[in-house]
Amino acid sequence: MPALIEEVKAEEEKSSEPFPVSINWVRKMQFVGRDEHNHSIVIDTTSAGGGENTGPTPMRLLLMAVACCTAMDVVDILEKSRQKLTGFSVLSRGVQNQEYPKYLKEIHLKYILEGKNLAKDRVERAIRLSEEKYCSVGATVSGKAKIFIQYEIRENSLLGRNN
């Protein structure tokens with residue numbers, strides 16, 4: 001279904017719905033994105049795409065958003081189940097459709113969890129709950145992209161972070 005496109009004159013716009021995110025063009029293909037808290041990020045593309053490679057591309061931001069959303073869920077769930085993480089990364093890559101629109105057909109996530117005596121069943125449960133219930137970014141893209149998940153648990157002492 002095509003998106004509804006609406007032209008609005010500035011003086012007529014009286015919407016009570018705020019727009020918390022803005023994207024402002026800088027030059028070439030470089031933009032600065034800001035949220036309502038004034039957090040900002042430079043977004044760009046490669047020189048082949050007309051940019052200067054000064055920031056992540058929109059597609060890379062989408063992969064980061066999926067990875068970070070699920071990572072936050074997993075950390076929260078594991079902390080509540082008394083698992084002691086000392087390190088955690090989520091690696092992400094996508095496979096794009098070859099024709100326009102070049103949407104993500106697949107998203108591959110690899111969770112790398114470090115800690116002492118992390119329980120495999122609790123790690124699997126945390127990942128599953130994130131994927132099936134909590135990760136709103138993953139849920140948003142899952143209608144188009146199939147999400148594939150791998151994980152690795154690395155044993156280490158609690159002498160690192162989060163003692």
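Me: Where does N38 sit?
Reply: N38 is in the loop between β2 (30-34) and β3 (40-43). Helices (H or I, at least four residues) and strands (E, at least two) are DSSP runs, numbered from the N terminus. This is a predicted model, where local features need pLDDT of at least 70, side-chain atom pairs count only at pLDDT 80 or more, and totals for chains, interfaces and linings use all residues. Residues are numbered from 1 along each chain as its sequence is written, and side-chain values use heavy atoms, with hydrogens and water left out.

Me: Thanks! Is N38 buried or exposed?
Reply: N38 is exposed, at a relative accessible area of 55%. Buried means under 20% relative accessible area, exposed over 50%, and partly exposed in between (1.4 Å probe, protein chains only).

Me: And what is the phi of N38?
Reply: Phi of N38 is near 70°, which is positive in a residue other than glycine. Most residues other than glycine have a negative phi.

Me: OK, what about N53, which loop is that in?
Reply: N53 lies in the loop between β3 and α1. N53 is not a glycine, yet its phi is positive, about 60°. With a relative accessible area of 54%, N53 is exposed.

Me: Switching to prolines: which peptide bond is cis?
Reply: The one from Y100 to P101, with omega near -5°. P101 belongs to the loop between β4 and β5. Most peptide bonds are trans.

Me: Let's zoom out. How many helices and strands are there in the chain?
Reply: The chain has 3 helices and 6 strands. Along the sequence they follow the pattern β-β-β-α-β-β-α-α-β. The chain has 163 residues, and 26% of them count as buried.

Me: Which residues have the most contacts inside the largest nonpolar core?
Reply: V74, L78, I107, L109, Y111 and L113, in a core of 21 residues. At least two core residues come from each of α1 (58-80), β4 (85-96), β5 (104-115) and α2 (120-134). The most come from α1, which gives 7 residues. A nonpolar core here is a set of buried Ala, Val, Leu, Ile, Met, Phe, Trp, Tyr and Cys residues joined through side-chain atoms within 4.5 Å.

Me: Nice. What is L109 in contact with?
Reply: Leaving aside neighbours within four places in sequence, L109 is in contact with V66, A67, T70, V90, L91, S92, I147, F148, I149 and Q150. Contact means heavy atoms within 4.5 Å.

Me: How do α1 and α2 cross?
Reply: Their axes come within 9 Å and cross at roughly 130°. That makes α1 oblique to α2. Axes are lines fitted to C-alpha atoms, for helices over the stretch in contact, and angles run from 0 to 180 degrees between N-to-C directions. Angles under 35 degrees count as roughly parallel, over 145 as roughly antiparallel, 65 to 115 as roughly perpendicular and the rest as oblique.

Me: Which residues meet there?
Reply: On the α1 side, T70, D73, V74, I77 and L78; on the α2 side, R122, V123, R125, A126, I127, L129, S130 and Y134.
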